[in-house]
Every structure is written in C-alpha cells, then in structure tokens.
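Work through the exercises below with the sequence and the model side by side. Try each task before reading its solution.

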Amino acid sequence: MLFNSYVFVFLFFPIVILGYFGLNHFKQYKASRIFLTGASLYFYGYFNWSYLLIIVSSILLNYLFSNILLSKKTSSVVRKLTLSVALTLNIGSLAVFKYFDFFVDNINAIFNTSLPLLNLLLPLGISFFTFQQLSYVIDSYKKDVPKYSFIDYALFVTYFPQLIAGPIVTHDEMVPQFADESKKKFNADNFACGLFGFALGLGKKVIIADTFGLVVDSAFADVSGLGTLNAIFVMLSYTFQIYFDFSGYSDMAMGIGKMMNIEITQNFNSPYKAIGIVDFWKRWHITLTRFFTRYIYVPLGGNRKGTIRTYINIFIVFCVSGLWHGANWTFIIWGILHGLASIVTRIIDNKTGLFSQKNSKLLKIVLWLSTFAFLNLTWVIFRADSIAQAFDFYKEIFSFNLIELNRSFLSLMQTDGIRLTTEFIPVMGDYIKDYSWLWLFGLAFILSVFFKNASYLIKKYKPKWYHPVITAGILFWCVMSFGGESSFLYWNF
C-alpha cells in the first residue's frame, strides 16, 4: 500500500488510528498490539498477498533463533550453530530473491552457458526487514536483547510506517515504546505535529519528486541525442527526485509514528548540505550506515588494525552497500566510487584537516560544490539501467552539444498541481506555467540546501498559527494529484 494513495489516507490510516487508540482506551493493550501487527501485515500484503508467506516465515524463524540464543540452557556449541543457520537463512533468502538471477546472468555471460533463471518477484522491503531481523538475531547471540513476547517482536518487524523503506530500526528503539502505557492515549499535540510532518513528506513526494520523475523516466527511455544541456537537466532532475522521494518517505514515516505517539529513528538529515562524502554518509540513509558500521565494519576490525586495513574495511562496506541497493553492476560501481571517494576524503583530511577545520566561507562553498557535483555524476550510474547506458549519458553531458532544452521535458513539469495553481491565481497563470520547471528547480534547491530537514521540525515542533494552513494546503494539493500516484524509489532496494 502506498502512503500517497486514497486508500491509505481516507481508509486504512483512519481505521488504524481509531482501532489502535480505541483498544488502548479500554486498556486492551495486548489486543491493540495484535491489531496493529495485523494492520501492518495487511499494509504489506496489499499489492501481493504471497509476500505475507515470506515475511511471516521470516518472523517465525528468526524469533525461534532468538529464543534459542537467549536461553540459558543453550550450550555455546548450539548457540554458534544457531547463529550460523540464522545468518545463512537470512542472507540466503536475500541471495535467492535479489541476487540469484544476477549471478547466473553473469556466469552465463562469462562462461557462455545457459543456466536457467528463477525470475522470482522481489518481495517488497525484503532488504529492510531482513537486516532488521539480522541485527536482532546477532544482538541475541551477544545477549544484548531482553526476552520479548512474540507479538512485540512481530510488531517490531512489521510496524507499517518503516516496514518497506526504512529506517532500519533496532529493538531497543521500538519495542519499549509499544509497551509504554504513557503512549497509549491519543495526544492531540503529537497528532498535529505528526500530521504536519506527514504533509511535508507527502508534498515532497507528490509535488516535487514525482514531477522530476516524469522527466527522468522519459529521458532514460532513450538517452541518445540529449546534448549537454538536456543531460544536465535530467541529471539534476534525478538528483532532486531521489532526494525528495527518500526524504519524503522518511518524513511521512516519522509523521505517522508521531501521530501514534511513536518516535521513529531519524534516517535523513539534509545530505545535500554535506561538505565531503564522509559527511554525506552521516546524513543519507543514516540507519543503513549504522547497520553496516556495527555488523560489517567493526567485525572486520574497524579502525583498530592500522590505516591500510581501515581503508580496506571502508571499501568493503561501500561495495556491500552498493550491492545492497540492487542486483546490477551499476549499483556495485556506484558503491565502489563512493568507497574510493570516502577513502580519498579521509586521506586528504588526515594530512590537511581540510574537511574538519573551520574553513572560510569561500572554501566551504568550493568543498560543497565539489561534493554536490560528485553526487550528481554518480547518481547517473545509480539510475542507469546498465553501465553502457550510464556511459552514453556521460558522453551526452561532455559532448558540449548545446542544443536547446527539450520542450517535452519542460511540459512534463506542468503537473496537475501547477495547473491547479494557475486556476487559483489566474493573473499569474501563464508566468507560472511557462516557467514551472524553473520554479520547481529553485524550490528543490532551496529546500534541500538552505532549509532545516523536516525531521528536525518534527522533533522540535512548536505549533504556529500557520501550520494548519500549510498542512491543509499541501494535503489538498497532493490529494488532487493522487491520480498519478507512484511507488517510492527505495521500495526497489
């Protein structure tokens, strides 16, 4: 189910709110958690009910593994064996559903064989709920997990705001909140704050990201003959599309949680303000970076085994991160490029302190520009369907063929929302319509670089008279645009 859909906004979420707080009002706390777990599973299986078999099986097995690992009667040999089986099954499920056909394709290409493909449909959010459960099982092995009931564990895994596209939360961040009786009562202030955050996220997705997405999809259908200006136009469009798509989801997840008195971990912190790639990865997909740091980088030795080994560990983490994003060489190369950039940044910083010292405003601007340019160029290979297409796109950028902007791209920027605005402000109609692409680029740039992240606004929310006006205005605009609803980019990962 999509957050940006009529069924979610007008049916699913109101029922969830009424059912959850209604049961809690009558102190049916266990029943409210069961209800919320069932609703989350319905949310997950809405598009394809076969997904439920996968996630339910995963929950049952991992809860069993955790109980074995936490039991005082379990010997050290059995604990090690249980952990090995759990890791094998979790990583194996990812390998089969997400990477099997990719590896077979490459084997067939290298050895000229014709091994059959499975052609399995990738279950939604499998990377997210698998990593979340992996962290739980590993922490159970370390005995860093208290004994939770099955319902608490199932709700921790399936809680619908963060189920499909993160954040990758840990048990200690979520389960105690579900048990906290002070959070069971409907809170009007939290609801207003959450609704404001949800509206901001929905606006980012529907008004900004999806509009840029129309241009990106059209251009990547055939990148030949774009020319330099159009290629840069499309490159920037994807840069802002993925930013506002992912940021929008993160804001909506936090907003929904807040409406239910649940604090969801921040996963996004204005990454396009970053000065350097190391800074970027402290801001982009924060919980994924945390997961890889805890469960790959640190076990490999982290920074405890010398400088060279530290850089090797960083490089491995980024290669895994690239592969995590998808079964395609484009993602792997994207991860390699970010890994190399992260290492180079650290080497420069260690020798000169360039990225850590208090620099002049001019130098900060130069560092920001270089970082933003690198992000734009590497997003191209991230978005491309193949390495060949990415290289064709780069050729167009550096062809210096300055043909005029494609009129079809500009017309795609004239969305239903733009047309609706021109009806409300007829005197500005033509001006808004003709320069809608410029308005959108300007809005996206200002919001991503100069404004505070919406997660900050949710955390530090102080009600103002204009918040209901902004909330109502954005929700109205978005609902009027739901006819073209689209899934979130990170659902594919």
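This is a predicted model: local features need pLDDT of at least 70, side-chain atom pairs count only at pLDDT 80 or more; totals for chains, interfaces and linings use all residues.

Residues are numbered from 1 along each chain as its sequence is written, and side-chain values use heavy atoms, with hydrogens and water left out.

**Exercise 1. Find how many salt bridges there are, and describe the one between R33 and D152.**

Step 1. Start with the rule: a salt bridge is a side-chain nitrogen of Lys or Arg within 4 Å of a carboxyl oxygen of Asp or Glu. Side chains of opposite charge can pair when their charged atoms come close.

Step 2. The count is nine salt bridges.

Step 3. Between R33 and D152, the closest N and O atoms are 2.8 Å apart.

Step 4. Helices (H or I, at least four residues) and strands (E, at least two) are DSSP runs, numbered from the N terminus.

Step 5. Both R33 and D152 are buried. Buried means under 20% relative accessible area, exposed over 50%, and partly exposed in between (1.4 Å probe, protein chains only).

**Exercise 2. Describe the salt bridge of K205 and D245, and decide whether each partner is buried or exposed.**

Step 1. The N to O distance in this salt bridge is 2.6 Å.

Step 2. K205 belongs to helix α8 (residues 188–220) and D245 to helix α9 (residues 227–259), 40 residues apart.

Step 3. K205 is buried because its relative accessible area is 1%. D245 counts as buried because its value is 2%.

**Exercise 3. Describe the lining of the second largest pocket.**

Step 1. On a 1 Å grid over the protein atoms alone, a pocket is an open set of points where a 1.4 Å probe fits, with protein on both sides within 12 Å along at least five of seven lines; lining residues have an atom within 4 Å of a point.

Step 2. Of the 35 lining residues, G213, D217, Q241, S486 and L489 are the closest to the centre of the pocket.

Step 3. The largest share of the lining, eight residues, comes from α8.

**Exercise 4. Identify which residues touch the most other members of the largest nonpolar core, then list the contacts of F160.**

Step 1. A nonpolar core is a set of buried Ala, Val, Leu, Ile, Met, Phe, Trp, Tyr and Cys residues joined through side-chain atoms within 4.5 Å.

Step 2. Among the 143 residues of this core, the answer is F8, F160, M260, W284, W379 and F393. Helix α9 gives the largest share of the core, 16 residues.

Step 3. Contact means heavy atoms within 4.5 Å. Beyond its neighbours within four places in sequence, F160 has contacts that include F3, F8, L36, Y249 and M260.

**Exercise 5. Decide whether Q177 and S114 are buried or exposed.**

Step 1. Q177 sits in helix α7 (residues 171–179). Its relative accessible area is 10%, so Q177 is buried.

Step 2. Not counting residues up to four places away in sequence, Q177 touches K183, N261, I262 and E263.

Step 3. S114 lies in the loop between α4 (76–111) and α5 (126–141). S114 is exposed because its relative accessible area is 68%.
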